[in-house]
Amino acid sequence: MTGCRDPIMTDPNVNERINLLGKMEIFSTLERNELEIVAYNSQVVRYRKGSLIFTEDSPGNELFVIKEGEVLITRHRGDDDIDIAQFIAGESFGEWDLIGNTPRDATAVAMRDSDLLVFPREGMTFPMFLQKYPKMSARMTYKLLAIITERIRKTQRMISEKTRWVRDLKKQMLVDKLTGLYNMYYLLEEYDELRAPSGRPLALLIIKPDNFKDINDRFGHEAGDKILILMSIFIQSVLRDTDTAVRFQGDEFAAVLLGTGREEAIAMARDLGVVMHGIDIGEITGDPGVKITVSIGISLRPAHGLDAPTLAQSARDAMFRARCKGGNRIAAAK
């Protein structure tokens, strides 16, 4: 009567698989006889170190439980592979792909020789299992959804808890450490008024001292840094509350003037030039006769472009034309 024997009991490793499955939360609601059914429809597969378990876009139709070993999940973006998660013995992965029956969006690789329990086994699919054992599958699916939901909640809580930290870190990335002004990255990548095309008038000024290199060479970089700090303070004192001052790069500053047309921008540039020349740097240089003069370039939206990089380049070109004419003057973009 051997042909009538329960096929589960003929498998000498079934108890080992049952014990492993019983520790998994997804199977925690199953009775012993139901765990036997899942164990029979599972198999233990050995993966050598460095071998692929699955790749991106492969069918997501298996759940993996690590009996022994270690697995790394990565995602390919551009030219880089980004580490997503790492799993060790006693942990499972692949749940979401299993229930969604969707292609994988990541790659799994064995970090060392690993034994994985794979459900369902070769020759069986999860839809087939659902159809064959509907009541048991319903409880498994409900539990699986609960696990995935809780993981999403934990992720959301983690993101919420780190929001302030991320915001502070981003602020550090966007602010110039020396002057406390926003930096070039903020102007080119983050400044909302310049990032989105708009018909609202706007002027962008690039301000560069004509004689800063001479001051640096004569009095040293420490004196140069102090002068840059003074310049940033005086630039902010001239600008309006709606304007934004930026340390663009090196000794170059930028000013974004919202709702400003050509004549008003020229008037603001003149005021800035007068204020810069009036800064007393005698205590820093030890030479009261040294004064700062600046060249200022102006670009306008929409006349010279709509986005920050275009406007900044137009204003810089105009500024260098002013310098080529002897400096201490203003030039508007053509």
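## Surface and overall make-up

Accessible areas here come from the Shrake-Rupley method with a 1.4 Å probe, and for residues only the protein chains shown count as cover. On that basis the protein chain exposes about 18,500 Å², with 52% supplied by carbon and sulfur atoms. This is a predicted model: local features need pLDDT of at least 70, side-chain atom pairs count only at pLDDT 80 or more, and totals for chains, interfaces and linings use all residues. Residues are numbered from 1 along each chain as its sequence is written, and side-chain values use heavy atoms, leaving out hydrogens and water.

Of the 334 residues in the protein chain, 43% are buried (under 20% relative accessible area, 1.4 Å probe, protein chains only). The chain has twelve helices and 14 strands, taken as DSSP runs (H or I, at least four residues; E, at least two) and numbered from the N terminus.

## Around aspartate 243

Aspartate 243 sits in the loop between α9 (221-238) and β11 (244-249). Its relative accessibility is 9%, so aspartate 243 counts as buried.

Leaving aside residues up to four places away in sequence, aspartate 243 touches Val256, Leu257, Leu258 and Met268 (heavy atoms within 4.5 Å). The aspartate 243 side chain also reaches the backbone nitrogen of leucine 258 at 3.4 Å.

## Helix α12

Helix α12 (residues 308-324) has 17 residues and should span 24 Å at 1.5 Å a residue (1.5 Å times one less than the number of residues). Its end C-alpha atoms are 24 Å apart, which agrees.

Buried residues of α12 include Leu311, Arg316 and Met319. After α12 comes glycine 326, with a positive phi near 110°.

Notes
Buried means under 20% relative accessible area, exposed over 50%, partly exposed in between (1.4 Å probe, protein chains only). A polar contact is a pair of N or O atoms within 3.5 Å; within protein, one must be able to donate a hydrogen and the other to accept it, and residues adjacent in sequence count only if both atoms are side-chain atoms.
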